[in-house]
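Have the model open while you read.

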Amino acid sequence: MSQWRNWARDQRCTPSQVARPATVAEVSTLVEQASEAGTTVKAVGAGHSFTDIALTRGIQLRLDGISGLLSVDRATKQVTLGGGTRLFEIPHLLEPYSLAMENLGDIDQQSISGAISTGTHGTGLKFGGIATQVRALTLVTGTGEVLHCSESQHPEVFAVARVGLGALGIITSVTLQCVDSFKLHAVERAEPLAAVLTDLAERNASLDHFEFYWFPHTEVALTKSNTRYAPDGLPSGVKPLSTRAHLVDDILVSNTLFSALCQVTAKVPRIIPRVNQIASKLTGTREFGDHSHKVLTTTRTVRFREMEYAVPLDRIADILAELDAMIKRRDLRISFPVEVRSAAADTIALSTASGRESGYIAIHQHVNTAPFEYFKAAEEIFRSHGGRPHWGKWHFLQSNDFADLYPDLEKFCRVRDVLDHKRVFSNAYLDRVLL
């Protein structure tokens with residue numbers, strides 16, 4: 001069999017078999033056969049997880065054949081999608097019905113089942129992660145049983161399965177609560193980091209979507225403020241980016257030029273502080289408006305590794321100060337910006353925002369740069385503030401660490417014992433992080 005690699009190209013596995021089922025019945029049969037044979041099954045989407053959560057030596061399922069729009073309820077604005085549907089496909093599927101997903105992350109290549117399973121989120125304190133939009137889902141359990149769950153059907157499963165880590169079953173369909181389509185008015189500009197941190201609570205509370213990027217070795221934050229409007233309600237004069245502006249800002253500067261700079265700085269790290277100063281100035285002020293998915297998501301062609309922690313919202317300024325001090329103390333050279341976002345609290349057992357409003361701090365390193373001194377030192381800081389790692393991004397925690405972070409972890413594991421008592425869906429990652 002050929003080797004499979006994730007998007008970042010640093011996680012690899014060689015499955016014993018690659019299966020591409022086209023129906024739920026085929027998935028059920030594959031799982032049942034694997035259970036009887038004592039082997040494992042693992043679904044994989046776009047490979048956008050940075051951890052080894054999708055790796056397997058058993059059967060790898062690719063669910064692209066179980067995708068697309070399965071049903072629409074116009075009255076409730078709920079839609080059901082095949083589990084293999086990619087996020088970037090969904091806006092076009094919803095367009096004829098004038099619907100949209102309530103919120104999105106900044107990357108849209110993932111499958112809907114993979115995105116919710118790892119706790120993918122966007123930004124905006126009024127909105128939860130993508131999993132909070134789920135109203136029902138269908139799982140193929142470890143015995144091959146097809147289980148439909150929602151708040152009214154198997155609610156004990158639904159309570160934990162929306163962020164299920166791939167441990168509870170194969171998600172073959174997802175029902176999402178959508179909203180009327182909307183546009184976003186985007187304002188992006190460079191500001192002093194200190195001023196942004198001083199006003200952060202007010203911005204998070206007053207703006208629909210707010211995030212910022214801080215370039216280490218600088219005192220500059222690149223802010224992104226997005227305000228929601230009806231499709232025909234954008235302020236006068238606010239227009240989509242021109243083709244030229246998109247090409248220059250999002251393709252040439254943010255991807256092509258930045259990739260070239262990362263290649264150079266990986267070989268000559270001493271110039272990184274100066275390059276960061278220049279990079280923070282190259283990303284200039286701009287204002288535009290467009291359909292929600294065109295503003296919320298961005299193109300990412302520069303390959304990197306990422307660690308992200310969800311932290312108490314009021315700790316962000318302290319954590320960034322500690323990150324800055326750690327980088328200086330260790331004399332590290334960090335070329336990638338630190339991304340800061342927020343999300344509403346939810347009640348999903350293993351959601352990183354479970355039970356608390358959360359700030360998200362993401363750090364990155366180019367694939368050609370050794371990341372682990374930076375990541376491990378940053379993780380110590382995140383953990384000292386009660387941080388929870390993103391399930392699909394680099395972390396070094398094990399099951400005993402998570403017991404203190406998630407009050408409902410034991411409940412999750414009890415459901416797992418029922419749905420997959422033979423551990424058909426297990427792999428090294430799940431063995432490491434679950435009880």
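## Pockets, cavities and a helix pair

Lining the second largest pocket are 11 nonpolar, 13 polar and 11 charged residues (Ala, Val, Leu, Ile, Met, Phe, Trp, Tyr, Cys and Pro count as nonpolar, Asp, Glu, Lys and Arg as charged, the others, Gly among them, as polar). This is a predicted model, so to speak of local features takes pLDDT of at least 70 and side-chain atom pairs need pLDDT 80 or more, while totals for chains, interfaces and linings use all residues. Numbering runs from 1 along each chain as its sequence is written, and side-chain values use heavy atoms, with hydrogens and water left out.

That pocket holds about 680 Å³ of space. Of its 35 lining residues, His293, Lys294, Val295, Thr297 and Thr298 lie nearest the centre. H9 gives the largest share of the lining, four residues. The elements that each supply at least two lining residues include strands S14 (209-214), S15 (220-229) and S16 (286-291), plus helix H7 (243-267). Helices (H or I, at least four residues) and strands (E, at least two) are DSSP runs numbered from the N terminus.

Searching the whole structure turns up four cavities of 30 Å³ or more. Around the largest cavity sit 14 residues, with Gly119, Thr120, Gly129, Asp346 and Ser351 closest to its centre.

| Space | Volume | Lining classes |
|---|---|---|
| Second largest pocket | about 680 Å³ | 11 nonpolar, 13 polar, 11 charged |
| Largest cavity | about 70 Å³ | six nonpolar, seven polar, one charged |

On a 1 Å grid over the protein atoms alone, a cavity is a set of points where a 1.4 Å probe fits but can't get out; a pocket is an open set with protein on both sides within 12 Å along at least five of seven lines, and lining residues have an atom within 4 Å of a point. Volume is the space filled by probe spheres set on the points, which are joined across faces, edges and corners.

Now the helices. H10 (residues 316-329) and H11 (residues 372-384) pack at about 150°, axes 10 Å apart, and are therefore roughly antiparallel (over 145 degrees). Contact (heavy atoms within 4.5 Å) involves residues including Leu323 and Met326 of H10 and Ala377 and Phe382 of H11.

Conventions. Axes fitted to C-alpha atoms, helices over the stretch in contact; angles between N-to-C directions. Parallel < 35°, antiparallel > 145°, perpendicular 65-115°, else oblique.
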